[in-house]
Amino acid sequence: MLVTPWNYPAAMGTRKIAPALAAGCPVIIKPASETPLTMLALMPILEAAGVPKGVVNVLPSRRSGALVDTLLHDPRVRVLSFTGSTEVGRKLLHSAADHVINPAMELGGNAPFVVLADANVDAAVDGAIIAKMRNLGEACTAANRFYVHESVYDEFAERLAARMNALKVGNGLEEGIEVGSLVNAETLNKVIELVDDAISRGAKILAGGQALDGPGYFYSPTVLVDVPENAQCCREEIFGPVAALTRFSDEDDLIRRCNDTEYGLVAYVYTEDMRRGLAFSGRLDFGMIGLNRGLVSDPAAPFGGMKQSGIGREGAHEGMTEFLETQYVSVEW
């Protein structure tokens, strides 16, 4: 049983379908109710590639919870592979427990983006744009909290704000549009609430900071500076185009702050010293580290997190093992 999110409707499905088929498993896939047509459009492609009818089955539904719960109580379902929020993942784990279904869970994140004192600031800003603005920040791998050493803080903040202000926002009908609409009103309202909360706690707006006219759910690319640790945007997934910056001086305290979250999917670290970067990465409780790069996803690498960011891995050899069982045969010759 495969359950996919709306934000990468083709990629999320294919990266689950492929290892399942390679392991010899037929699948039922329930695409997100916001984006069912992409997965339906993929089916003729799979058929043309030689996948027999009935091996990959798509079940779109507006009643996602009821459908998935019913399937999880069918004894023929042996594996649940889910990508989505931690909140929904917890509910599916409860349902999967009734029949002891093997879970493979790719859940939410709260990624720290760390700029150490010796970092190349230009490279860090380039990486920040990728890690923050990929899919408008509507990705579990999006950079959420930016920790920048006090010696380069002002320079990094000013350069990032300039880059964010330069991004062209629109509905995609105009040429050169770089930032589109958020997925729905609920997501937009959450971004507004998180920014308002941060400002009420002392954060300042260096770029953006407001919702824009529709039709659609637009929010300007935003940089917040001097964001306090108790701001909600430092505790929750923003899922929008907002970079929350805070400065640091002590690396041991920074490690504590990075790890002080129930999530552990991905973290980003920038430094010119590779030995230092690897040592720093080893102290972070995150399943993936982007060291001097703002993009970690790679089909050849195991994708997944620690703590409440997931169970198991997708991609690489590890992704295929989610659909396999180890059998030991003891023989008397």
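The lining of the largest cavity divides into three nonpolar, three polar and five charged residues, where Ala, Val, Leu, Ile, Met, Phe, Trp, Tyr, Cys and Pro count as nonpolar, Asp, Glu, Lys and Arg as charged, and the others, Gly among them, as polar. Before I go on, please keep in mind that this is a predicted model, in which local features need pLDDT of at least 70 and side-chain atom pairs count only at pLDDT 80 or more, while totals for chains, interfaces and linings use all residues. Residues are numbered from 1 along each chain as its sequence is written, and side-chain values use heavy atoms, with hydrogens and water left out.

Back to the cavity. Rolling a probe the size of a water molecule over the atoms shows where empty space is left. Here a cavity is a set of points, on a 1 Å grid over the protein atoms alone, where a 1.4 Å probe fits but cannot get out, whereas a pocket is an open set with protein on both sides within 12 Å along at least five of seven lines, and lining residues have an atom within 4 Å of a point. Grid points are joined across faces, edges and corners, and a volume is the space filled by probe spheres set on the points. By this rule there are three cavities of 30 Å³ or more, and the largest has a volume of about 50 Å³. Its lining is made up of R15, K16, P19, S81, A104, R313, E314, G315, G319, E322 and F323, and the largest share of that lining, three residues, comes from helix α1, residues 9-22; helices (H or I, at least four residues) and strands (E, at least two) are DSSP runs, numbered from the N terminus.

Which two residues in this region meet in a salt bridge at 2.4 Å, N to O? They are K16 and E314, a salt bridge being a side-chain nitrogen of Lys or Arg within 4 Å of a carboxyl oxygen of Asp or Glu. K16 lies in helix α1 and E314 in the loop between β17 (310-311) and α10 (316-321), so this pair ties together parts that are 298 residues apart in sequence. Both K16 and E314 are buried, and buried means under 20% relative accessible area, with exposed over 50% and partly exposed in between (1.4 Å probe, protein chains only).

S81, another residue of that lining, sits in strand β4, residues 79-83, and is buried, with a relative accessible area of 3%. Leaving out residues up to four places away in sequence, S81 touches M1, L2, V3, K16, A104, E314 and F323, contact meaning heavy atoms within 4.5 Å.

E106 is buried yet has no salt bridge, and R313, the nearest side chain of opposite charge, is 5.9 Å away; Lys and Arg count as positive and Asp and Glu as negative, while His and the chain ends are not counted. Beyond its neighbours within four places in sequence, E106 is in contact with residues including F82, T83, G84, R313 and E314.

Let me turn to the second largest cavity, which holds about 40 Å³ of space. The residues lining it are I130, A131, R134, T141, Y268, G294, L295, V296 and S297, of which five are nonpolar, three polar and one charged.

Among the open spaces, the second largest pocket has a volume of about 460 Å³. Of the 21 residues that line this pocket, M1, P26, R76, V77 and R78 are the closest to its centre, and by class the lining has 14 nonpolar, two polar and five charged residues.

Finally, the salt bridges, of which there are 19 in the count. Which residues are linked with R256 in a network? The network of salt bridges links E229, D253, R256 and R257. E229 forms a salt bridge with R256, the closest N and O atoms being 3.6 Å apart, and because E229 lies in the loop between β11 (222-225) and β12 (242-248) and R256 in helix α8 (residues 251-259), the pair ties together parts that are 27 residues apart in sequence. The side chains of D253 and R256 also meet in a salt bridge, at 3.1 Å, N to O; being three residues apart in helix α8, D253 and R256 are separated by about one helical turn. E229 is partly exposed at 34% relative accessibility, R256 is partly exposed at 41%, and D253 is partly exposed, with a relative accessible area of 29%.
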